Amino acid sequence: MPLTQDDIRIVQESLPAIRNHLKPASLNFYENLFKIAPELRPMFREDLAGQGMKFFSTLNAIFDMLSDPDASQAEATELAEAHSSLGVKAAHFAPMRKALDITLAETLGPDFTPEIRRAWLNAYDEISAKMIAGAHLP
C-alpha cells in the first residue's frame, strides 16, 4: 500500500512514544529478528545494544525525513550502500519488517493501533524500496 501523508503524520506522531522505550525496544528488535531469521545473526556485531540503538536512531532519522522524498531517498541510498558491503540482500528486509512489527507491538502495547501499525509498515516498505533500488541490492 502506498505511503500517504496521513501515514507520515501518524509515524511522526508516534515516534516520541517509541523513543521513550528506545533502549529495550532496540534489544527486543534483534531478539525478534534472530527468532524469525537466525541465519542473519552472523551479519551483526556482538554488541546488540549498540547495534539496536544505531538501527532505531537511523530509522528515526529516515522517518523524520519522510516528508522530504529527496532527503529520505538520499539517506536511504547511502544507508543501503553501506549495508550492501556487509552482504545485505533485498530478501533480508522481509524478516526485518516482521521483527519491527512485533517489536513495535511489544513496545507500544495497546497503543499500537491498527492505524499506527499500517502507517509504520507502509513507511518501512517505502524506505525498504528506496534502499533496495538505491543500492541495487540483489
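How many helices and strands does the secondary structure of the chain come to?

1. Six helices and zero strands, counting DSSP runs numbered from the N terminus (helices are H or I, at least four residues; strands are E, at least two). Bear in mind that this is a predicted model, where local features need pLDDT of at least 70, side-chain atom pairs count only at pLDDT 80 or more, and totals for chains, interfaces and linings use all residues. Residues are numbered from 1 along each chain as its sequence is written, and side-chain values use heavy atoms, with hydrogens and water left out.

2. On overall shape, the C-alpha trace spans about 35 × 30 × 25 Å along its principal axes. Of the 138 residues, 44% count as buried (under 20% relative accessible area, with exposed over 50% and partly exposed in between; 1.4 Å probe, protein chains only).

3. Have a look at α2, residues 22-36. This helix has 15 residues and reaches 21 Å from first C-alpha to last, close to the 21 Å expected at 1.5 Å a residue (the expected span being 1.5 Å times one less than the number of residues). Its buried residues, including L22, A25 and L33, pack against α1 (5-19), α3 (48-64) and α5 (93-108).

4. Now the aromatics. Rings of Phe, Tyr and Trp (its six-membered ring) pair if their centres lie within 6.5 Å; planes under 30 degrees apart are stacked, over 60 edge-to-face, the rest tilted. That gives four aromatic pairs. The rings of F29 and Y30 have centres 4.8 Å apart and planes at 85°, so this pair is edge-to-face. Both F29 and Y30 are buried, and ring pairs link F29, Y30, F34 and F44 into a cluster.

Notes. Contact means heavy atoms within 4.5 Å.
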